[in-house]
Amino acid sequence: MFPLKNQTQAFLPRIEISLFQIQENARRLTKLYGQNGIALMGVTKAVLGEPDIARAMIKGGARFIADSRIENIQRMKKAEVSTRFVLLRTPPSQAEVIVKNADISLNTELETLKKLSFYARKHNKNHQVIIMVELGDLREGVLPCSLSQFIRETLPLANIEIIGIGCNLACHGGIKPNNKKMTELSELTAILEREFELKLEIISGGNSANYDWYKSSKNIGRINNLRLGESILLGLETANRSKISGLHTGAFKLIAEVIESKKKPSLPYGETCQDAFGNTPGFLDRGMRERGIISLGRQDVQVSGIFPEKQLAILGASSDHIIFDNGNHEFNTGDEVRFDLDYSGLLAAMTSPFIHKKIIDPCNNYERHQTSGN
Ligand SMILES: *Cc1c(COP(=O)(O)O)cnc(C)c1O
C-alpha cells in the first residue's frame, strides 16, 4: 500500500529501519553460531518479508530466508531476493503456490505432504521438506513415537525430498530448548538415518530461544541449523528476553506525531459508562496534568509492546489515539515522539498499513570493506 523506499518526506507515523544494524546482527550471529557449524535461516515474518531486510540478513550471512506466509515469500521473490526460501508452516490449501514459490517447507501432516507431492509432480518440481518433531512445547510436530512411521510413509511420495528434521520450542508451552531436548533431536536424527539409510542435511534445533543452550552446551550434537527472527531483528534471545552481547537492539524505531497537547484534569468527570473496549476504567486523581495525544492507536500497534524513548506515561489507548502524561517533557502539536519496540510491537507496527516504513541507512558493502574485521 505504501512504498518502502527511502522517503525524504516526514511520513507519520513511521517505522525507521536500520538495515546496517540488521545486517550487523546477522553477521555477528552467523559468526557465533558458525563456529560450531550451525547455519542460519533469517526469519522475515515479523517484517512481512520486506525485501531489503531479507537482503540485509543474506548479506550478513543468513543462508536461507524463512517466513510463515507464502505471500511474503512471493513478495521477496518478486523483488528478486535470491536465496533458498523456507516456509515455516504449511496450509494444505496453498500446496500449489507453495511448491511453486518455496524451496523448502516445514511439515507435520501426511495429507499435506501428499498434496505437495501432487503439485510438485504437476509442475515438475522437486520440493524439499523438513519434518518437525514435537518435543514438548505442544505447537507443531510429529510425536517422536510416530516419527518412524511418518517418515516411512513420506519417503515414497513423488517429487518430495526429506532433507531434515527440526523442532520448535519456547513458542506455545514456554518449554526451554536445553541440552536434553537438543540431544533428543540429535538421537532421533541418528535413528532415522540408520533405519532408512539416508543422510539428513538439515537438523534445525529451533529459534531465538536457543541462544542459552548454544552458549552453555559443550556438545551441540547434530544440530546444524537455527531459524532466527527476533535475535537478528531486535538483538534479543527469547528464552529470557535478554540482550545478546554485541548486537544492536534499536534497528527499529516507531515515530508518531502529537496531535493534541493540553493541561487537563487527570480524573475524568461526568456519569460513568464503559470505555471504547467494554471496560470500566478506574483513574487516580493527580490534579491538573500536561497531557498529549499521538495519532497512533490499537489499530496500529499493541500498546504494551511500544516504549517511549522519553519518560512518558501512557495513560490509555483507543483505536486511533494514544493518550500520555507528558511527565516533565514539553510537547507541542506536531512534535514527534519516538518509541522502542518489542517483538509484539514490531509485528503489529510492521503490519499496520497506516505506518510508513522508512529505511534510514543502507547495508554495509563488505565487498569494499572486507578487511574491517569485527
Ligand atoms: C517464528 C518462527 C521462528 C523464528 O522465531 P524467533 O523467535 O523470531 O527467532 C522459527 N521457527 C518457526 C517455526 C517459527 O514459526
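# Structural briefing on a predicted protein model

The protein chain contains 10 helices and 16 strands. The model is a predicted one. Of the 374 residues in the protein chain, 48% count as buried.

**Overall dimensions, surface and charge**

- Taken along the principal axes, the box filled by the C-alpha atoms of the protein chain is roughly 75 × 55 × 45 Å.
- The protein chain has an accessible surface of about 18200 Å², and carbon and sulfur atoms account for 49% of that area.
- When contacts between residues at least 6 apart in sequence are considered, 66% of them join residues at least 24 apart.

- C167 is located in the loop that links β7 (160-166) to α7 (179-196).
- The relative accessible area of C167 is 0%, so C167 falls under the 20% cut-off and counts as buried.
- Leaving aside residues up to four places away in sequence, C167 touches M132, V133, L135, M182, L185, S204, G205, G206 and R227.
- Between C167 and Y211 the separation is 44 residues in sequence, and the C-alpha to C-alpha distance is 15 Å.

**Packing of α6 and α7**

- Helix α6 (residues 144-154) packs with α7 at an angle of about 35 degrees, and the axes of the two helices are 11 Å apart.
- The crossing of α6 and α7 is right-handed.
- On the α6 side the contacts involve P144, L147, S148, I151 and R152, which meet E184, L188, L192, E195 and F196 of α7.

**Backbone features**

- Most residues other than glycine have a negative phi, and most peptide bonds are trans.
- The peptide bond from L12 to P13 is cis, with omega near -10 degrees; P13 belongs to the segment before β1 (14-18).
- N124, a residue other than glycine, has a positive phi near 55 degrees.
- N124 sits in the loop between α5 (110-122) and β6 (127-132), and its relative accessible area of 69% is over the 50% cut-off, so N124 counts as exposed.
- N159 is likewise not a glycine and has a positive phi of about 60 degrees.
- The loop between α6 and β7 holds N159; with a relative accessible area of 25%, N159 is partly exposed.

Terms used: Residues are numbered from 1 along each chain as its sequence is written. This is a predicted model: local features need pLDDT of at least 70, side-chain atom pairs count only at pLDDT 80 or more; totals for chains, interfaces and linings use all residues. Side-chain values use heavy atoms; hydrogens and water are left out. Helices (H or I, at least four residues) and strands (E, at least two) are DSSP runs, numbered from the N terminus. Buried means under 20% relative accessible area, exposed over 50%, partly exposed in between (1.4 Å probe, protein chains only). Contact means heavy atoms within 4.5 Å. Accessible areas come from the Shrake-Rupley method with a 1.4 Å probe; for residues, only the protein chains shown count as cover. Axes are lines fitted to C-alpha atoms, for helices over the stretch in contact, and angles run from 0 to 180 degrees between N-to-C directions. A crossing is left-handed if the near helix is turned anticlockwise from the far one by less than a right angle, and right-handed if clockwise.
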